[in-house]
Amino acid sequence: MTEFASLHMKELMGQITLSFFMRTELECRSHPDQHLSEVIRKVGNSIVDTVNASLGHSGNNTLRKF
């Protein structure tokens, strides 16, 4: 992996991480009765869907949901 690709990957992972925590907080505030494990799974799967849509459009392999 080139240095540029490595930096791009780090930036992308940072954006995904930030998105995960922001979406988790919003989901917890919107549904305070949900267990955190349910919120994490829901938000994580939503992010996987978003990444898979992008990967699919670019012709790359997609991720698995848990």
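**View 1. Helix α1 meets helix α2.** On the α1 side, the contact is made by I16, S19, F20, R23, T24, E27 and C28. On the α2 side, it is made by L36, V39, I40, K42, V43, G44, S46, I47, T50 and V51. Contact means heavy atoms within 4.5 Å. By class, the contact of α1 with α2 has nine nonpolar, five polar and three charged residues. Ala, Val, Leu, Ile, Met, Phe, Trp, Tyr, Cys and Pro count as nonpolar; Asp, Glu, Lys and Arg count as charged; the others, Gly among them, count as polar. This is a predicted model, where local features need pLDDT of at least 70 and side-chain atom pairs count only at pLDDT 80 or more, while totals for chains, interfaces and linings use all residues. Residues are numbered from 1 along each chain as its sequence is written, and side-chain values use heavy atoms, with hydrogens and water left out.

**View 2. How the two helices cross.** Helix α1 spans residues 3-30, and helix α2 spans residues 36-58. Helices (H or I, at least four residues) are DSSP runs, numbered from the N terminus. The two pack at an angle of about 135°, with their axes 9 Å apart. Axes are lines fitted to C-alpha atoms, for helices over the stretch in contact; angles run from 0 to 180 degrees between N-to-C directions. α1 and α2 are therefore oblique to each other. Angles under 35 degrees count as roughly parallel, over 145 as roughly antiparallel, 65 to 115 as roughly perpendicular and the rest as oblique. The crossing of α1 and α2 is right-handed: the near helix is turned clockwise from the far one by less than a right angle.

**View 3. An aromatic pair, F20 and F21.** The structure holds one aromatic pair. The ring centres of F20 and F21 lie 5.3 Å apart and the planes stand at 75°, so the pair is edge-to-face. Rings of Phe, Tyr and Trp (its six-membered ring) pair if their centres lie within 6.5 Å; planes under 30 degrees apart count as stacked, over 60 as edge-to-face and the rest as tilted. F21 is exposed, at 55% relative accessibility. Buried means under 20% relative accessible area, exposed over 50%, partly exposed in between (1.4 Å probe, protein chains only).

**View 4. E27 and N45, two buried residues.** E27 sits in helix α1. Its relative accessible area is 15%. E27 touches Q34, V39, K42 and V43, not counting residues up to four places away in sequence. N45 belongs to helix α2. The relative accessible area of N45 is 18%.

**View 5. D33 in the loop between α1 and α2.** D33 is exposed, at 67% relative accessibility. D33 and M13 are 20 residues apart in sequence; their C-alpha atoms are 29 Å apart in space.
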